[in-house]
Amino acid sequence: MIKKISVVVLILFSSSLAQPWLYEFGTSEGTYNTDNTTSTTFLPQPTTNGGEDFIRMSLGGGGSFNLENQVISFGELSYLRIVAPTAGSVNKFSIYDYLPAQAFTLIFNIRFGASDGSAIGASSGNWYLFVGDGDRYSDGSGFSAAQTFLGLRWVFNLSGTITTSVLNNSTWVSLASNPFSQGSDYLVEIVGNNSNASINYTYGSSENVGSDKIDLWVNGSLILDEGSTSSLPVLMNIDSWMFYGEKSAGNVANIFLDNFEYSNQIEISFRSS
């Protein structure tokens, strides 16, 4: 289990709107699986100015959204387990329209696997993370490269492996170093810069993220240094992120999510992993 420790925040991007938000799932339990519907009430509401929550069930693809309180040991108290649908129609979870800015930090705990969190039998399905701005973060559609600054894709394979790719404009490019597999817990920290200047920050040592670039940290290691972005124009503000799943034969591909921290500035919170 990944636990948070006392937080040290280094704020390095000046903005009158700069604000970090925490988003957790409390102690609630329940399942949402009504075909071809949406909800803004099943999940807890974000804090003031932290945006709106949104989930969407696929059309005819099955799957579900599940608030579970330590059914497996993951995160803290309740976490969100989402089951991918069988078809190309998506099951989507997003936080959208928080206070916008050109730089951001997004931190969360994630696990991939079968419904019990293991790597057994989860050999089909795609999960995505998108960060950007636009109506795709609050409707039933798939992603749009034009509304996406950052795109990550995790493909479930045989033997519990995961293929991880980043969206370069509108093309998925596999990461040279792939840190993810099924059945393990990960702390993901993403630093994004859509301004027209480089931004310095500190993560143990001095780091830098250039204009229109991302840094991806996984369990404290820099996996992607100044990685490529998608097609959201430079200088456009960012105010939304979403996860969605698709194309999982037998609804076997699950993700587990908890302990979100997101900000409309570049700031790093040091946690244990």
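These legends accompany close-up views of a predicted model.

**View 1. The largest nonpolar core and a second, separate one.** The largest nonpolar core has 51 residues. Phe93 and Phe243 have the most contacts inside this core. The second core is separate and has 10 residues. Tyr96, Tyr128, Trp172 and Tyr244 are among them. In soluble globular proteins, nonpolar side chains tend to be buried together.

**View 2. A cluster of aromatic rings linked by ring pairs.** The structure holds 35 aromatic pairs. Ring pairs join Trp21, Tyr23, Phe25, Phe93 and Tyr98 with Phe108, Trp241, Phe243, Phe260 and Tyr262 in a cluster. Phe93 and Phe243, members of this cluster, are also the residues with the most contacts inside the largest nonpolar core.

**View 3. The tilted pair of Tyr128 and Trp172.** The ring centres of Tyr128 and Trp172 are 5.6 Å apart. Tyr128 belongs to strand β10 (residues 126-132), Trp172 to strand β13 (residues 171-174), so the pair ties together parts 44 residues apart in sequence. Tyr128 has 5% relative accessibility and therefore counts as buried, the limit being under 20%. Both residues are included in the second core of 10 residues.

View 4. Ser263 counts as buried because its relative accessibility is 1%.

Technical notes. Residues are numbered from 1 along each chain as its sequence is written. This is a predicted model: local features need pLDDT of at least 70, side-chain atom pairs count only at pLDDT 80 or more; totals for chains, interfaces and linings use all residues. Side-chain values use heavy atoms; hydrogens and water are left out. A nonpolar core is a set of buried Ala, Val, Leu, Ile, Met, Phe, Trp, Tyr and Cys residues joined through side-chain atoms within 4.5 Å. Buried means under 20% relative accessible area, exposed over 50%, partly exposed in between (1.4 Å probe, protein chains only). Rings of Phe, Tyr and Trp (its six-membered ring) pair if their centres lie within 6.5 Å; planes under 30 degrees apart count as stacked, over 60 as edge-to-face and the rest as tilted. Helices (H or I, at least four residues) and strands (E, at least two) are DSSP runs, numbered from the N terminus.
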